[in-house]
Amino acid sequence: MAQGPTNVNLIATYIHNNPGCRRVDLKRMLHKAATGEHTDCQSSLACKNQYFQRYGSTGDGNVYLDRLWHNANDRGRGKTRKSRYYLTWAGEDKVWSRPMVRPFEEGSLVEWQWNSPNDKRHGWQPVMKGLVVERTDLYGLWVLLIGGPKNNQCIHISHQCWVRKFND
């Protein structure tokens with residue numbers, strides 16, 4: 001029931017497996033991890049810029065550019081339309097070493113939630129239940145919903161959800 005990789009883990013792993021990749025490739029991968037679908041739509045890729053900027057909240061450690069990965073085309077100017085990303089030594093520590101597939105077989109019954117079950121305020125309060133139809137290569141699941149107003153609808157559960165098996 002452990003949480004899967006974070007967006008930082010996904011980016012580091014993608015760069016590790018595809019050195020010299022472009023920012024747009026990384027943003028497409030993050031979109032696919034969140035939604036389960038590939039896109040070339042610019043408006044859908046306009047987010048996730050925080051992972052490629054040199055500024056952020058002080059002390060939060062949320063500035064990743066030049067700390068975990070760097071753009072070889074940038075050369076410190078900060079304004080370039082071309083990108084080729086490579087990991088730094090610190091970035092290598094963020095590479096997800098476990099399989100990128102959730103440990104639930106197709107046909108398993110699962111329930112999920114957004115909040116950590118380890119948080120004493122929330123505990124385990126699953127949002128929905130469903131039948132695993134497909135596992136994605138970015139730690140996501142396609143699930144057929146069981147019960148509720150969206151019964152029999154197939155949805156994507158991203159790498160950011162907490163998931164566990166249940167027996168009906």
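Modeller: Let me start with a definition: helices (H or I, at least four residues) and strands (E, at least two) are DSSP runs, numbered from the N terminus. With that, the protein chain has four helices and seven strands, in the order α-α-α-β-β-α-β-β-β-β-β from the N terminus on. Please keep in mind that this is a predicted model, where local features need pLDDT of at least 70, side-chain atom pairs count only at pLDDT 80 or more, and totals for chains, interfaces and linings use all residues. Residues are numbered from 1 along each chain as its sequence is written, and side-chain values use heavy atoms, with hydrogens and water left out.

Colleague: Thanks! Why is Cys-161 called buried?

Modeller: Buried means under 20% relative accessible area, exposed over 50%, and partly exposed in between (1.4 Å probe, protein chains only). Cys-161 has 2% relative accessibility, which is under 20%, so Cys-161 counts as buried.

Colleague: Where does Thr-88 lie, and why is Thr-88 called buried?

Modeller: Thr-88 is in the loop between strand S2 (85-87) and helix H4 (89-92). Its relative accessible area is 16%, again under 20%, so Thr-88 is buried.

Colleague: Which residues does Thr-88 touch?

Modeller: Contact means heavy atoms within 4.5 Å. Leaving aside residues up to four places away in sequence, Thr-88 touches Asp-66, Arg-67, Leu-68, Trp-69 and His-70. The side chain of Thr-88 also reaches the backbone oxygen of Arg-67 at 2.6 Å.

Colleague: What about Arg-67: where does Arg-67 lie?

Modeller: Arg-67 sits in the loop between helix H3 (42-45) and strand S1 (69-71). At 36% relative accessibility, Arg-67 is between the cut-offs and therefore partly exposed. A polar atom of its side chain lies 2.9 Å from the backbone oxygen of Val-63. Arg-67 and Gly-91 are 24 residues apart in sequence, and their C-alpha atoms are 7.2 Å apart in space.

Colleague: Finally, how much of the protein chain counts as buried?

Modeller: Of its 168 residues, 42% count as buried.

How values were computed. A polar contact is a pair of N or O atoms within 3.5 Å; within protein, one must be able to donate a hydrogen and the other to accept it, and residues adjacent in sequence count only if both atoms are side-chain atoms.
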